[in-house]
Amino acid sequence: MAAQTTCCQVLSGDGIFQEQEVDAFVHQHGVIEARTNYQVVAIMGPQSSGKSTLMNHVFGTSFQEMDAMTGRQQTTKGVWMSKSPKVEDVCTLILDLEGADGRERGEDDTNFERQSALFALAVADVLMINVWCHDIGREHGSGKPLMKTIFQVNLKLFAPEPKRRRTVLLFVIRDKSKTPMAKLAEVLAEDVHKMWDSISKPPQYVDSKLEDFFEVQYTALPHYEDKYEDFLADTVVLRRRFTTDGERALCSA
């Protein structure tokens, strides 16, 4: 019997679906037996913003992380999937997406970013978006092009329907400052809604609101290195939100 792999590549860096790898993974990890009792959590954000590190600490996965000693560079290529060993009451699949605005693809090559955003929106119950605290309120913050991509792609993919469960957009504010969480969320919400209002929309959605398509939530985490123990404690709290009985539960199963 082949050894179990802890994660598998779903989309290659060229955007090709890795059908054989995914098929082997879901059979090895009992995903098929879960039937409808599962949830999919994806994460997007700027390159080298600690997405893989966050998912590994929250969900117990083992995605490759950036080596701080080598500087900021591309770690995740394509889209990778793992199953959380720390969320036991519902099968939880984790998608780690290649970082946005990486120099490896070039400034103008956004094709894969759009493709991966489309894929994540199509399959994820919760889409986590990594946001640097120091970018909140900045006109040219590093996460804004990504937000715009997500909103534009979603307009092409979904129509707002009363009975359709909206994708949860969970903005994760990294390296939070002394500013109260309520104020950070307020300013970030203003940024997000301005971004939504600024994008071009099909005629039928000109007057639509962001909340017609998404359930938007916010959370914040302390600095990973400077306040490591606090970071660990907060990731445990965040993990509980993905269980069926967690406070402010995000779990959809």
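With a disulfide taken as a pair of cysteine sulfur atoms within 2.5 Å, the count for this predicted model comes to 0 disulfides. Such a link is a covalent bond between the sulfur atoms of two cysteines. For Cys8, the closest cysteine sulfur is that of Cys7, and because the two lie 7.4 Å apart, they are too far from each other for a bond. Cys8 has a relative accessibility of 3% and thus counts as buried, a term that stands for under 20% relative accessible area, with exposed meaning over 50% and partly exposed in between (1.4 Å probe, protein chains only). Cys91 is likewise buried, at a relative accessible area of 9%.

Since the model is predicted, local features require a pLDDT of at least 70 and side-chain atom pairs count only at pLDDT 80 or more, while totals for chains, interfaces and linings use all residues. Residues are numbered from 1 along each chain as its sequence is written, and side-chain values rest on heavy atoms, with hydrogens and water left out.

The protein chain contains 6 helices and 7 strands, defined as DSSP runs (H or I, at least four residues, for helices; E, at least two, for strands) and numbered from the N terminus. Read from that terminus, the elements follow the order β-α-β-α-β-β-α-β-α-β-α-β-α. Of the 253 residues in the protein chain, 50% are buried. Among contacts (heavy atoms within 4.5 Å) with a separation of 6 or more, 72% join residues 24 or more positions apart. The accessible surface, computed by the Shrake-Rupley method with a 1.4 Å probe, amounts to about 13100 Å², of which carbon and sulfur atoms supply 50%.

The 7 strands form an open sheet of mixed pairing in the order β1-β3-β4-β2-β5-β6-β7, where two strands pair if DSSP finds at least two bridges between them. β1 (7-11) and β7 stand at the edges, each with a single partner strand, so that one side of each has no neighbour in the sheet. On average, neighbouring strands of this sheet are turned by 25 degrees against each other, direction ignored.

Thr167 stands opposite Phe214 of β7, and Leu170 has Gln217 of β7 as its bridge partner. Strand β7 (residues 214-220) is mostly covered, 6 of its 7 residues being buried. Together with helix α5 (residues 181-198), β6 and β7 make a right-handed β-α-β unit; with the strands pointing away from the viewer, the path from the first strand over the helix to the second runs clockwise in a right-handed crossover.

Note on methods: Axes are lines fitted to C-alpha atoms, for helices over the stretch in contact, and angles run from 0 to 180 degrees between N-to-C directions.
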